[in-house]
Amino acid sequence: MTLDESPTPGGMPVDPPQSGAAGRVPIVPVGWSTWPNIKHSVRQTLAVFGYRCGFHALRSPKYAILAAFWATVGVFRLTGRQLKWWWVTEQYALRQGTADANDPAMWLKLHREVKATRMWRFLVLTAEALTVVIGGPVLYATAPWWARALVVTAVVAFLAHFGRPDDRPIITPATVAGRFRRVNPDIILRAYYAAGLGHPDKPHQQISFGSTMARDPSGTGSQVSIDLPYGKTFDEAVKARGAIASGLDVAISQVFISRDFSSHRRHTLWVADRDPLSAGAGRTPLLRCKATDVWQPAPFGLDERGNKVSVDLLWNSILIGAQPRQGKTFAARLLALYAALDPYVKLTVLDGGGKPDWRKFSLVADRCAFGLAMTRDGDPAEIVLEALREIKADVQDRYERLSKLPVDVCPEGKLTREIARDPKYKMPVRLVFLDEFQEYFDLGDISKEIASLLVYLVKVAPAAGVGFVDATQRPSGIGSGQVAQQFVSFRDNHQVRFSLRTGSWQVSDLVMGSGAYSEGHDSSTLLPSYKGVGILRGASDATPTVRTYLADADDAEKILTAARALREAAGTLSGMAAGEDVARVARDVLADVRSVIERGETGAQWEEIASRLGERLPEAYADVTAESISAQVRAFGVRSVDVKRNGKALKGAKSDDIDAAITRRKAA
């Protein structure tokens, strides 16, 4: 393709220059306009200066040896050059030319000229030699040490510079300027046509530009607004991102396409100079340990262009998925730390993996359970089950009470900030954090009720001010039968998805939701070196690639200590964090089942037993099913036999078998 002879007139930069209301560029740069910005700039400058000083100080012996060597070479080179200058070697060609032309008169004239020049230059060199031979010892004997050191340093530096070849630097640069591929309109056209998004020769199939090519305000890349041919869509451009990167001859991690809401065929292409995801987002701003407000979005990280990304914890359920050791737990914990700093938020933290990452949340959590092994607080699985039952009862109670509040207090029949923070209503915002939640779907019979509760809550609870943040490394599912189906239902009922690196595009789609891959979003393309980097879908109209802020174990402990102090001051510390005994009351399943078999009945069907337990003991059996109660009772050796009711025989339990099981247990 031939290059344009001159740029096409028209268009405007993608991002207008920063200016005030009068269209004037600020006299004082924005980075130096406030005291915090000035301090930040000074710290950055001092940090770079200190790094360079340390870098060169460590290598100074090497520099001294190289300087001495090249200074020695410089002495010989300088001597040779001065001898050539004295002998006027540059006139040799002229005299040879006159000799070849057989012009004796001109040759004699040049010869007399060169003799005079040699005499004058000889005097200059003699004066120079006398200065060095006589002045050097005099300076050494009379000058102070620092003057001698300065002269020696200057002479050695001069001679080393004179003797060193241009391609052999003595001092190694402490920082290296990055190299990047420059992008121009012709390269972009080549890339888009190669990606099949248009054709240069077919009518109405040409790519056009909605703006001139420009550097972005941060100076880290080039960007331009692109109009696809009519009929081509933004979605097609996103799918072709890899082909566009190939056409531009850059890595796919350097190409980003953002939607232009004025037209579905228009978008902004940004090509980064280097991989923007390889640099971390830095420490979390929560380290200031100031009180937060969950009614405001939580700071989550930076997108590929360095813009801040926040996530709403209210009214949402958030799913986080990734391969192990990609930053999944850190991402979930970052949101939990934000919620912890709001003293009016009631936290429930349940970690099926039992990792150390969540242990310090016992300082603030109303309910918490770590791992699956028995602890002094009880069986974690029982704690999880009891916590979910209590949350379900609270959600149902909230809906009823919200519907009865007057319109001036609750205008839309939903939780407000004032209601949530008023102690008399007893409806604080609640957030539930589940890490490695797949473990709770693989605990045997108890998983049936846990799975049922989780599916109910993830569907219903967010609208009542009870949000969920759930993380897993097994988004494909676990278990079988009804529990496996409920796992899928639970996973698919999250509004916001954050997928760090996954093993395949299929797994990526499970985390981000069906259709993400067809829209060009695939977390399996993220590099293994990207820690804490993932694709955020559903939090806003955009689907950015986010570098999450870092909060390590020490940071988390510092933040949670401050969060506990805030809750103590506000009087909102509750549950386990306040030392309350919230352990689940153990139920005698055999006795409960025996109690619902009426006098005169020889037995009951499992469906009847489950229904009666749910009606009479809802606090313990609200979500029990025929299958789950059957499994629990049969575990004590009770047979599952046919029981006739209304002429229909279905599986159930005989009262004699239950009595026998109770007797055996007492004898044991």
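How many disulfides does a search of the whole structure find? I get 0, taking a disulfide as a pair of cysteine sulfur atoms within 2.5 Å.

**Ground rules.** I am working on a predicted model, where local features need pLDDT of at least 70 and side-chain atom pairs count only at pLDDT 80 or more, while totals for chains, interfaces and linings use all residues. Numbering runs from 1 along each chain as its sequence is written, and side-chain values use heavy atoms, with hydrogens and water left out.

**Cysteines.** I looked up two of them. Cys53 is partly exposed, at 38% relative accessible area, whereas Cys368 is buried at 7%. The cut-offs: buried is under 20% relative accessible area, exposed is over 50%, and partly exposed is in between (1.4 Å probe, protein chains only).

Helices here are DSSP runs of H or I, at least four residues, and strands are runs of E, at least two, numbered from the N terminus.

**Leu335.** I left aside neighbours within four places in sequence and listed its contacts (heavy atoms within 4.5 Å). Leu335 then touches Ala298, Phe300, Val311, Leu313, Ile318, Phe433 and Val469.

**Strand 14.** I checked residues 533-537: 5 of the 5 are buried, so strand 14 is largely enclosed by the rest of the structure. What does it pair with, counting strands as paired if DSSP finds at least two bridges between them? Strand 13 (residues 496-499) pairs with strand 14 in the antiparallel sense over 3 bridges, with Phe498 opposite Leu536. Strand 15 (residues 545-548) also runs antiparallel to strand 14, joined by 3 bridges, and Arg547 in strand 15 is the bridge partner of Val533.

**Arg121.** Is this arginine, Arg121, buried or exposed? Arg121 sits in helix 3 (residues 104-142) and is buried, with a relative accessible area of 12%. Its side chain reaches the backbone oxygen of Trp85 at 2.4 Å. Beyond four places in sequence, I find Arg121 in contact with Trp85, Trp86, Val88 and Glu90.

Technical notes
Two strands pair if DSSP finds at least two bridges between them. A polar contact is a pair of N or O atoms within 3.5 Å; within protein, one must be able to donate a hydrogen and the other to accept it, and residues adjacent in sequence count only if both atoms are side-chain atoms.
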